[in-house]
Amino acid sequence: MAATIVAVMMPVGAFLGAEAWLARSLNQHLRETAQMIVQRIDGSIERAVLALRDADSRGLDECLPEDREAMRLLVFESPVLKEVAVLDANGAIRCNNIGSLVQITSASTPFVTRDRRLSLAVVVARGPHARALRVIWRSSASSAVGGLVSVGLFVPYQSVHDSNIGLGIDIEVTPGGKLVSMRGPGGVEGSGDVHAVIASRSFPVQVTVTASEGAWRNRDGWMVVLTTVLGAILGLLIAGLMLLAGRRGDPMVGMRQALANGEFIPHYQPILDIDTGRIVGCEVLVRWRKPDGTMISPGAFIGEAERSGFIFPLTLEVMRQAAAELGPSYRSRPELKCGFNLCAAHFRDEKIIADVTAIFGNADVKLSQVLLEVTERDPLPDMDVARAIIARFQDMGVRVALDDVGTGHGGMSYLLKLRVDVMKIDKLFIDALGAERQSTAIVDSLIDLAAHLNMDVVAEGVETFDQVEALRRRGVRSAQGYVFAPPLPGSSYVQLVEAMEPVAEVQAPIRKALRG
């Protein structure tokens with residue numbers, strides 16, 4: 001029955017997820033386009049105001065030949081202005097830098113901004129379709145200076161023409177001053193439009209970006225089909241595995257026997273200081289080594305271990321082996337840390353505190369060298385109890401980290417409420433660092449948040465030197481990943497520690513004979 005449900009629900013879930021992604025990606029594309037246009041408009045107006053204030057300070061209202069020459073120079077020096085004019089009290093042009101070369105007529109009344117001296121208007125130059133934005137700076141009631149800003153500075157004409165999704169852009173100087181209204185090719189008749197509206201926070205300007213939902217679906221809808229097919233294949237595969245597992249009986253029987261036979265062993269992935277290249281510690285990971293030498297990764301058994309409660313004896317066994325293997329080298333290197341993963345079930349009561357104390361209280365690996373990593377595969381059952389347990393550990397000198405930040409159940413609430421010592425940024429974001437703007441922004445935000453919360457940061461899954469350099473530029477000191485070393489057996493990790501972090505020998509003082 002369960003296998004049948006999985007086989008049916010996987011493609012349904014994949015289809016619904018892909019449909020949600022398709023709608024979300026269209027909305028995001030439109031919002032980003034509208035936001036980009038608003039930013040360009042704000043920047044153009046701000047630069048125009050700087051030039052117009054300069055013109056106003058020069059007193060060009062006499063419209064003398066030298067005044068016109070000064071206007072030409074202002075336009076030449078400005079990156080946004082096409083024309084500078086002296087306006088009368090009614091807004092009519094008294095003189096400008098281009099004379100009668102181009103006829104400019106008003107298409108709207110001026111719209112006053114938050115600064116009463118600054119207003120915006122829509123004008124038409126060279127016919128009814130060539131609209132431009134008039135920026136007006138009025139320092140007195142009798143006259144003002146105005147500048148003409150071409151809409152080509154902030155409208156991505158080429159993107160509209162090439163998008164082929166019926167992309168439309170409407171820009172309005174509010175209320176009612178239509179500045180731009182255009183629509184590109186590719187709309188699907190009978191299909192609804194999706195809109196994104198962004199208003200400038202500084203000026204009375206609103207941008208609406210529109211696209212055809214049908215055209216967007218025609219362009220990217222193959223993702224929905226592919227995802228649904230893959231979901232169906234995955235559902236059938238999982239259902240088959242569930243049926244096969246059911247025929248083989250309870251998998252926990254074999255796991256308990258493997259624990260009794262010592263088949264679960266720790267591997268150690270080094271964590272390095274990327275500024276100095278020194279080892280600062282490791283993350284302890286469990287592997288299942290079968291009697292024939294086959295090595296099974298934790299992804300194949302950790303989920304079942306957590307669901308069944310087998311995770312408790314398994315975690316303690318890994319801790320005991322790590323304490324024994326690392327003890328001799330860690331005893332003489334008290335600055336080294338070793339991290340252990342704890343799941344949500346470990347934070348139901350305080351038994352884990354007694355277990356950790358019993359293993360490390362009198363071991364060569366001290367409590368101050370232990371780092372406990374809170375994973376987010378399942379939500380914590382009680383945040384208050386979890387916070388109390390973490391506080392007890394911290395009082396004992398044990399440090400606590402939040403693992404896979406940004407990918408689990410807790411997210412930012414875990415960071416803020418649990419008050420851990422270390423934030424571990426998931427490989428998902430490190431992989432996209434520098435390649436995807438959103439992931440890069442998330443990494444930057446997490447690093448900044450960690451600094452404000454006085455947390456150390458460890459980057460997980462670092463696989464290239466470009467990622468190392470990007471992390472170093474952002475002030476991240478600690479990282480782990482295959483670019484440095486894979487998870488190592490105990491003997492290999494200890495050899496690496498002793499080679500890279502030699503203990504200085506203490507020499508006996510040399511006695512000198514006293515001469516009398």
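Let's start with N454, which is exposed, with a relative accessible area of 70%. Here "exposed" means over 50% relative accessible area, "buried" means under 20%, and "partly exposed" is in between (1.4 Å probe, protein chains only). N454 is found in the loop between α13 (437-452) and β19. Its phi is near 60°, a positive value in a residue other than glycine. The names of helices (H or I, at least four residues) and strands (E, at least two) come from DSSP runs, numbered from the N terminus.

Before going on, keep in mind that this is a predicted model: local features need pLDDT of at least 70, side-chain atom pairs count only at pLDDT 80 or more, and totals for chains, interfaces and linings use all residues. Residues are numbered from 1 along each chain as its sequence is written, and side-chain values use heavy atoms, with hydrogens and water left out.

C63 also has a positive phi, about 60°, although it is not a glycine. You'll find C63 in the loop between α1 (2-57) and α2 (65-77). Is C63 buried or exposed? With a relative accessible area of 15%, C63 is buried.

Now look at the open sheet, where 4 strands follow the order β9-β8-β11-β10 with antiparallel pairing. Two strands count as paired if DSSP finds at least two bridges between them. Strands of a sheet pair through backbone hydrogen bonds, either parallel or antiparallel. At the edges stand β9 (177-183) and β10 (193-199), each with a single partner strand, so one side of each is left without a neighbour in the sheet. On average, neighbouring strands of this sheet are turned by 10° against each other, direction ignored.

Within the sheet, strand β8 (residues 168-173) and strand β11 (residues 205-212) run antiparallel and are joined by 6 bridges. I169 stands opposite V209 in β11. Helix α4 (residues 213-220) packs on the sheet, touching β10 and β11, and its direction makes about 55° with that of β11. For such angles, axes are lines fitted to C-alpha atoms, for helices over the stretch in contact, and the angles run from 0 to 180 degrees between N-to-C directions. In the loop between β8 and β9 sits P175, and the peptide bond from T174 to P175 is cis, with omega near -5°.

Next, the nonpolar cores. A core like this is a set of buried Ala, Val, Leu, Ile, Met, Phe, Trp, Tyr and Cys residues joined through side-chain atoms within 4.5 Å. Which residues touch the most other members of the largest core? Of its 81 residues, they are F264, L314 and F360. Helix α8 (residues 311-331) gives the largest share of this core, 9 residues. Leaving aside neighbours within four places in sequence, L314 is in contact (heavy atoms within 4.5 Å) with L259, F264, V286, F301, I302 and A305. There is also a second, separate core of 56 residues, which includes A34, A51, V207 and V209.

Q467, V468, A470 and L471 are buried. Seen down the axis of α14, these buried residues fall within an arc of 165° (taken from the directions from the helix axis to the C-beta atoms), so they line one face of the helix. The buried residues pack against α12 (427-431) and β19 (456-459). On the other side of α14, F465, D466 and R473 are exposed. Just after α14, G475 takes a positive phi of about 85°.

Finally, the charged pairs. How many salt bridges does the structure hold? There are 26, each with a side-chain nitrogen of Lys or Arg within 4 Å of a carboxyl oxygen of Asp or Glu. In one of them, the side chains of D273 and R477 meet at 2.4 Å, N to O. D273 lies in strand β12 (residues 264-273) and R477 in the loop between α14 and β20 (478-479), so the pair ties together parts that are 204 residues apart in sequence. D273 counts as buried at 9% relative accessibility, whereas R477 counts as partly exposed at 40%.

D275 and R472 form a salt bridge too (3.6 Å, N to O). This pair links distant parts of the chain, 197 residues apart: D275 is in the loop between β12 and β13 (279-289), and R472 is in helix α14. Salt bridges that share partners join D273, D275, E469, R472 and R477 into one network.
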